[in-house]
Amino acid sequence: MKKYFCFAFLLLVANGVHAQNPALKIPSTANVVGSINLGKINGMMPITEWDKTSLGKKLKEMRGSDTTLQYNSVQDLGIDLNSTLYYFHTENDSMHLNTVLATLNNAGKTDQFFANKEIVRLAGNVRKHVDNDSTDYFMWNDVQMIYVKALMKDAYFKDATVAQRHGLSYNVPRIYDEEVTIDAVDTLPMLMDDLQKIDSARAAEDSVLENTLKEEMNEMEDTVSIIYEAADESDFDYYNDLKIKKRLMAVSAAAAINEFFYTTPAISVLSNSSYIKNYDASAAASIWVDKPMDFYTSLVPGYLLYKTNPLNVAFKMNEESGYESFAASLLLDDRRLTMHTQMELSPAMAAMQEKILSRKLNKRFFKYIDTDSMLGYMSWALDTKAYLEQMPQLLERTYGSMGAGVGREEASLAAELISLLIDEEAIANMIKGDAMVVFDGVYQQQVNYTDYTYDENFKATAVEKTKTETLPRFLMMMSSEENDLIRKLVKYGIKKEVVKQSGSFYEIEIPKNPVRLFFMNKDDIFFLTNSLSNIEQISAGTFKASISKKEKKSLSSHPFSMYINPKNISGKIAQTDLGATESLGEMINSFNKMGEVRMQANAMKNNIYSADLWMDVPAGNTNAVTYFFSLFDGMLK
Amino acid sequence: MPTVLIRQTIAVVASILLLSSCFQVVEEITLKNDGSGEMQLTVNFSQSKSKLASIMLMDSLNGHKIPSEKDIQQFMNETVDYLKKSKGVSNVKKTLDLKNYIATVNFSFKDLSDINGLTKKLLEKEKSKAPVNSYAFEKTIGQVKRVYQYSPAMKKEYDKLKARDRELFKNAGFTSIFRFDKAIASSSNKTAKISPSGKAIMIKTTALALIFGSSNISNSIQLAK
């Protein structure tokens, strides 16, 4: 099975346009649509070069032990490497259908890829390959290829009536006071009957589809010789159930691939305003998920966890969770690799989030940031009071829709109870919600360790030796008003000898803690650092730092920011005595190969909450694609 | 929130940057003329104590669950219980220094052969494969034999580890010491070093040499008549 997923992945990573845009084949009911612009990627790094990369080699290895697949290169798939490849997910009450659409420009190569597999040749030069358990279907002609995999929703088949109808034993109700007899069910004819009814209308309109469906059914009748046994109140027949499940999936996959291959939906996803709004034509790859919480509840109890959550049936979560759609796009150019994600919220949810994100980062933090020397930072700005006030509703909407055994009413009750117990105002004064951690260098410290010396009879005596360790230096800042609770906590800490006062700052004495920790509250900022010199300078007001305008603007305008400067990290480590040692040398080399990394959450706009991750392309790489592959090279080693 | 954040920040950053982790295993056997004696096993992680202290602040690292101090105590207690039930073993004692991460177990044995298979069974209990390692003392001829047979399973297990996890073994060492009542006449292992007193012998090697099979700690020691 794994090899088919690998192939489907290859299809995904290896697109364009046939006579028409393949996306027109994606029905408007699809709730997940992904695409990879192979043409864009190929233009930046010829796909012939892929095979030479670690990722390309890994894909080759993933073919695994199935040597019957004729694959040596992405090019062997026959896919048009200047096209766009699409994935989409559709579902009904009982099945998830995963489909990949690819444009071919050399179907001869595709035939060759499957040369050692059973290929069924259909009318109109259409070829089809079905895997052993008939749940994966490939169908192609000279211009397009479609792959479909059906996965059943276990929860649906847990329903006693449905289970009985299909001859599944595991959910037959057990009644102990009277004898229950269930007749044997021959599932296949019944399913075929259903399928013919469902498709008859379309088939009548399309003679090609009609003939193909007939061929499918005949073929199934010829090849299927499964005898379904009667379910009994005390029997659990795993293997028979498995056969029935696979057959159900096979029938769904067969119907779906015929539909997708031979017909074009009356309304495609290109008419879905949410999809169009979120689609970025310049992206190398993108994914869009409609109503993500609904998708989550539909997916999780099924094949993700591969177990059924019975409560999901009991608590149907169809009410609005507040998340309208999610989309992510990968943008690649010569200078930068950007991952843009965005979540469209309902107006009510967006209003709540806007209140929470209304706080800005404390500008007084900037006095303690030195752009040139910092290794990286992380900052976030939330309004604690607004968050705590909105929390009951957020909990109700989020957890009330997750189907994790908690219904909306339970989540609402829990949230109200929490709200009663906490004092939002008091907490918000202590933790205002904006904070920042800056890594501004490394320092070395001497540590003792135990070694042994041996006497003339090799009797060991423990001796203490010292060695030097290199540690990152950090400064954490958090907007906070000093209050009685904090003062009492500090006093208590001093009494219990876990806090030591040194002038206007304190040291936390945690036994065995590898780093010294200092803290103080000044100008309504709570400072925590592992650098004595930092805290002394903060205390004395002599802290020297200079922040760039760019950094200041970036920090002020985003509710969340993260920045890593790998060059500064390697530079600081290399300056230490240990910089030349072998183990740190490898680390320095790794950092030297990386460009700057930034992540930022953007302010809410038109009910859309978005975030971007940027990675600058470092010198030595032609563009973001070659850099992307080189990153994989490092990871796969 | 801040406490958890601080703990996690320190733990993650320190565990990433503190690369110089290593440990030492020391095995000491004192053998009397009648075949009885004492054995002490020491596992010393003190050179990695900063890193371990950081890691101990986390629940898991690289996908491995980090044992709590309670888990470590429990493992030591189970080891002692196991040894107490073993044939010919008595006087079992343990020390556990969680400040420096040093653990020792020592015990007395009636006959050197009583310690055969002890470490193997202990490791098997922890689902680790151990190489064949046995001891024998021929009192009549005054010969002590240690037979160590390299197990390729160790390399396979090592190869399964992620590069970050393999770092732990890079500078790890193993020391084996035998002490006797009589002087040592000869020893078959060329890497073994005889003490100035002539009554003790030591083999020092690295964990990687044992894992890759490039070092063999087998030895045949002939005691003076």
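**Confidence first.** I began with pLDDT, which is the predictor's confidence in each residue, from 0 to 100. This is a predicted model, so I kept local features to pLDDT of at least 70 and side-chain atom pairs to pLDDT 80 or more, while totals for chains, interfaces and linings use all residues. Residues are numbered from 1 along each chain as its sequence is written, and chains are lettered from A and ligands numbered from 1 in the order in which they are written.

I found a mean pLDDT of 76 for chain A, with 71% of its residues at 70 or more. I then looked up the two ends of the scale in chain A: helix α13 (residues 310-314) is lowest, at a mean of 39, and strand β1 (residues 32-37) is highest, at 94. Helices here are DSSP runs of H or I with at least four residues, strands are runs of E with at least two, and both are numbered from the N terminus.

I also marked residues 8-19 of chain A, where the pLDDT is below 50. Where pLDDT is low, the predicted coordinates should not be read in detail.

**Helix α14, chain A.** Which residues of helix α14 (residues 347-356) of chain A are buried? I noted Met349(A), Ala350(A), Met352(A), Gln353(A) and Ile356(A). Buried means 20 or more other C-beta atoms within 10 Å of the residue's own, exposed means 12 or fewer, and partly exposed is in between, with C-beta atoms placed from the backbone. Seen down the axis of α14(A), the buried residues fall within an arc of 160°, so they line one face of the helix. That arc is taken over the directions from the helix axis to the C-beta atoms.

**A hairpin and its next strand.** I followed β14 (residues 499-502) of chain A, which runs antiparallel to β15 (residues 505-508) of chain A, with four bridges joining them. Strands pair if DSSP finds at least two bridges between them. Ser502(A) stands opposite Phe505(A). Two residues lie between the strands, and Gly503(A) takes a positive phi near 70°. On to β16 (residues 517-522) of chain A: three bridges join it to β15(A), again antiparallel, and Glu507(A) has Phe518(A) as its bridge partner.

**Val617(A).** I found Val617(A) in the loop between β20 (608-616) and α23 (624-636) of chain A. Val617(A) counts as buried because it has 22 C-beta neighbours inside 10 Å. Gly595(A) is 22 residues away in sequence, yet 5.5 Å from Val617(A), C-alpha to C-alpha.

Technical notes
Two residues are in contact if their C-beta atoms, placed from the backbone, lie within 7 Å.
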